[in-house]
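Dear colleague,

I am passing on a structure to you, and I would be glad if you read the notes below with it open beside you.

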Amino acid sequence: MSGGPTVRRETQFCPEASLSVDECQEAMSLMKHSADEDLVKKKMKLTFFHRRNMLLDPQQSSNILSVFPRFKDVKGLVEQDFVLMFGEGVSDKFLERWPGTFKKKIIQQCRKLPNIGELEELLLAADPPLDRIDVEDDLGWDSDLSSVLLLSHLIPPSAQGRKRPGKVSASQAEKHLVIFKKTGTSIQEHIDTITTSAQPYLLAVGVRKDAVHQFFIILDRSAIPCRSTSSLGAFDELFKAHFVFGTSYNSMLHNMYMFIQTTVYNIDVGKVKESPRVAEVRARLLN
């Protein structure tokens, strides 16, 4: 059983011609300083296989953002690499299927869970009553992101990899998925507070949690701007970043990500080990 973001895999992309070492170096040098985003995207596509080989080499994988720094300022490069890996059909699945197929059913299943404060708040945010009056108070994330976070209640966080085993709350796990900062906060200051290398997560910047105007993927003390300004689009990019940068899922969110990988994107179905809870939730949601 092998699969997930860190394994070597056949890709959908078949280039018309492969670059020589010199041509590859020339393309990498050219796009480092080019102001032409279309040219950068074209050269990134041409150097895709070189990047994949780097990511699969433990001695080079940590240098990927130094060698390909345009991930940090040209939006859409994460999406482009993911499409080259899996094709557009797989790439589109989350945004096509989540709003219509999964969101409503996840809300319904979470209503059956034992009532706790944080779950109640997420349910209210995910499925607000029609007569709710909008107030300026910070009531939490928007409906779409709240529905994604509800999944961490249906598929509880895993304690694997923790020095002190024990139950991890969904609200603890949330901090490994998305962090909110108010508009005007220095992104660099946030990055400077990071002391250890961690799995990628979203940094949401806005006036309120439900009024975010920009998302970043934080990876290896770098901020990668999301192309999408919607929370679902940003989460879609966050998930894809695991595959594009060959990084494993955060241990607390492993089961939740595995559900999204196999059940929503249909990646590596039958090739990865899933927890019984992932299979149980899939059966409930897809029946």
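Before the notes begin, two terms are needed: a helix here is a DSSP run of H or I with at least four residues, and helices are numbered from the N terminus. Two rings of Phe, Tyr or Trp count as a pair if their centres lie within 6.5 Å, and the pair is called edge-to-face when the planes are over 60 degrees apart, stacked when they are under 30, and tilted otherwise. Please keep in mind that the model is predicted.

With those terms in hand, we can turn to helix 12, where Phe239 and Phe243 both lie, four residues apart, which is about one turn of the helix. The two rings form a tilted aromatic pair, with 5.4 Å from centre to centre and 45° between the planes. Phe239 has 0% relative accessibility and therefore counts as buried, and Phe243, also at 0%, counts as buried too.

Which residue forms an edge-to-face pair with Phe243? The partner is Phe82, at 6.0 Å centre to centre and with 80° between the planes. Because Phe82 lies in helix 5 (residues 77-86) and Phe243 in helix 12 (residues 231-244), this pair ties together parts that are 161 residues apart in sequence. Phe82 is likewise counted as buried, since its relative accessibility is 0%.

One aromatic cluster includes Phe82, Phe239 and Phe243, and among its other members are Trp98, Tyr249 and Tyr265. A ring can also have a charged neighbour, as with Phe68, where Arg51 lies over the face of the ring at 4.7 Å from its centre.

Four of them form an open sheet in the order 1-2-3-4, with mixed pairing, and the edge strands, each pairing on one side only, are strand 1 (178-182) and strand 4 (222-225). From one strand to the next, the twist averages 35°. Strand 3 (residues 211-219) and strand 4 run antiparallel and are joined by four bridges, and Ile217 stands opposite Ile224 in strand 4.

Finally, is Gln25 buried, exposed or partly exposed? At 42% relative accessibility, Gln25 counts as partly exposed, and its place is in helix 1 (residues 21-33). Between Gln25 and Thr229 there are 204 residues in sequence and 33 Å in space, taken from C-alpha to C-alpha.

Terms used. Residues are numbered from 1 along each chain as its sequence is written. This is a predicted model: local features need pLDDT of at least 70, side-chain atom pairs count only at pLDDT 80 or more; totals for chains, interfaces and linings use all residues. Side-chain values use heavy atoms; hydrogens and water are left out. Buried means under 20% relative accessible area, exposed over 50%, partly exposed in between (1.4 Å probe, protein chains only). A charge sits over a ring if NZ of Lys or CZ of Arg is within 6 Å of the ring centre and within 35 degrees of the ring normal. Two strands pair if DSSP finds at least two bridges between them. Axes are lines fitted to C-alpha atoms, for helices over the stretch in contact, and angles run from 0 to 180 degrees between N-to-C directions.
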